[in-house]
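Please look through the model below with these notes beside you.

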Amino acid sequence: MSARDTILATLRRNSPDPAAHPLPEPALLGESDASPERFTASLIPMGGTMLDRDPDETLDQAIARRFPQPGLMICSLVPEATGTVHIEDLPTPQAAEPVDVTIVRAAFGIAETGSIFLSESQLHLNAIAHLTQHMVVLLDPAQITANMHTAYLRPEFHTARYGVLMSGPSATADIQGVLIRGAQGVRSLTVCFASQ
Amino acid sequence: MKEKPINHAGAAATFIADKPHLDFHDARLWDMRQKRDAQMHVLPEWQELRSRASAIKEHALANLADYLEQFERNAKRNGIHVHWAADGTEHNRIVAEILAARGARTLIKSKSMVTEECDLRPYLAARGVTVTETDLGERIQQLDDQLPSHIVVPSVHKLTEDVARIFARHYGTDPDADDPHQLAEAQRLAARPVILHADAGMTGGNFFVAETGTFVVCTNEGNADLSATVPGVHIATIGIERVVPRMADLGVFIRLLSRSALGSPITQYTSHFRGPQDGGEMHVILVDNGRSARLGMDDFWTSLKCIRCGACMNTCPVYRRSGGLSYGAVYSGPIGAIIDPTFNERKYSTLPYASTLNGSCTNVCPVKINIHEQLFKWRQVLVEHHQMPFVKREIMHMAGKLMGQPKLYRAAIAGTETALGTLPRFALYNWLNPWGKNRELPEPVKETFHSWYRRNRPAAKPGQTDNAENTP
């Protein structure tokens, strides 16, 4: 018998009585506030940054203010910003390694945790989300969902092949408990509210 | 060949003797426990989340075969290759075959306790594959040739100076570096080229969803997503018990996992893999390795609900003061002590005794595993199976006689209280009395409950004495 059939047969023989363990209805618990204010208040403790734009400032100007160093390689995946490199010119994941700043639009955000959702639809090249040094994420305030329960009702979880909830930048506390923002993935994650 | 039982007490004694490491370890884990409490207190629905998580897991386990088949169907439809491994050897062989078929010689890995169970790294090393752990803590443990000492923070028993020494040897960094930022940056810089040139990547999986064929990886450093998205071949090793029926069920578990583990509302990355990326391939290996047998153990099957958050370890006074390595097993702490004996009853027969049975592990468990009751139950099972150390067996034998005879028991208790109050320290704190090690014995009570009761209650009528004796 194959490992598969052996495992399934053993499980069927050993399983507790299914009738004694019914499946509860899906939960919708907790705070239902889906405001941008709650999103921001959740993002900051995760180490994320908000980028506020002046009324007459373009996105390019705001990003230049956020990253003033000259000569940065910037990849914009959104029509609202111009980068220095096109995603089409990065044919492999490895080619994304020198990118300093990536600008992308999240499909949605979660107010409870300050998370933003990205998939291949937004990224085109999944690895760029993790090889880039910094990330700027545009988020439509209308696309903020209240909490993890409401988030999992979003259709993206049934369509995306790769879907990542990023909640602030990469982090570690593996050396003597000291919290370090910017571990192996992005060093910073900046969210900018921008209606679509 | 019979393996010797792990000498947990002996290893713990060594750990306790090193005060700087002990003090940091104890304080760091207690801090994680307190951060978990703070998260719990801001969520009024916390206990309902725990109840639901427990119910969903019990349901999934009671229907595990069906959900595994459903997952397999959906994952295959999405283009994922699904493999089944009955044990560690089979798992390792499958990984080696996937790598060999693609001529892959280098593998980057994110943290996975199941691959530790399977002892994957030496198996692949013997076949010419270079395996690099990319999680910082796990990499430190790999370079130091040690098992992870904690399931969430693998190198929590080490201080900055230990990491500096290890990195100096392997990365050529300053052996006197005392800034964790500097050392974490050294790991980032050392890992990047390895990640960019790796032939294949490997991750674990915290959950998988039968309804959609998705698996979910929860991490903080970004290394798992790098391992999954950069090389093009992604292999995920997952224990069969990690299934949830519906996508909507994930909300309950994601809300509990990182809050219970580290006291953060969510991990920095919660990544959902439902199919291979363009031009890539994706494999899931479903590993049994004793789980299907455990499902049939009436007293212990609910340990399969575990989501590996480590909250029971952080709260356990024995774990905090003995260190994960003292358990001599892949899984340490209270959860380790109830699942390790299912892997090897004799070797891990000492671990269910590494507990005061205070019940804190059960109280913090996000999926409501009755850990301390299982610890107690394991002690009974091990006695029945004659897996009890000789000295402990003799002491229990004497205690059994003593407690079976109320008069003798009361005389002994009165004598103990007198001894605690009058004996000099050297007679109480010596090697014959392990309870006097590293702790002060309790103040003796002035009077036992039994003598107080006799003094304050009228004498029982004849014929009622036996009932009074039996009242707890």
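1. A nonpolar core is a set of buried Ala, Val, Leu, Ile, Met, Phe, Trp, Tyr and Cys residues joined through C-beta atoms within 7 Å. In this predicted model, the largest such core has 158 residues, and those with the most contacts inside it are Ile128(A), Val137(A), Leu107(B) and Phe253(B). Helix H12 of chain B, residues 250-261, gives the most to this core, with 7 residues. Apart from it lies another core, of 13 residues, and among them are Ile175(A), Leu136(B), Ala164(B) and Ala186(B).

2. Leaving out residues up to four places away in sequence, Leu107(B) touches several others, including Leu99(B), Leu124(B), Val129(B), Val131(B) and Met202(B).

3. His91(B) belongs to helix H5 of chain B, which runs over residues 88-101. Because His91(B) has 27 C-beta neighbours inside 10 Å, this residue counts as buried. When neighbours within four places in sequence are set aside, the contacts of His91(B) are Ala85(B), Cys118(B), Thr237(B), Ile285(B) and Val287(B). The C-alpha atom of His91(B) is separated by 9.3 Å from that of Asp288(B), although the two residues are 197 residues apart along the chain.

4. Within chain A, strand E4 (residues 108-110) pairs with strand E5 (residues 115-119) in the antiparallel sense over 3 bridges. The bridge partner of Phe108(A) in E5(A) is Phe117(A).

Methods
Residues numbered from 1 in each chain as written. Chains lettered and ligands numbered in written order. Predicted model: local features only at pLDDT ≥ 70, side-chain atom pairs only at ≥ 80, totals over all residues. Helix = DSSP H or I, 4+ residues; strand = E, 2+ residues; numbered from the N terminus. Buried ≥ 20, exposed ≤ 12 C-beta atoms within 10 Å, placed from the backbone. Contact = placed C-beta atoms within 7 Å. Pairing = 2+ DSSP bridges.
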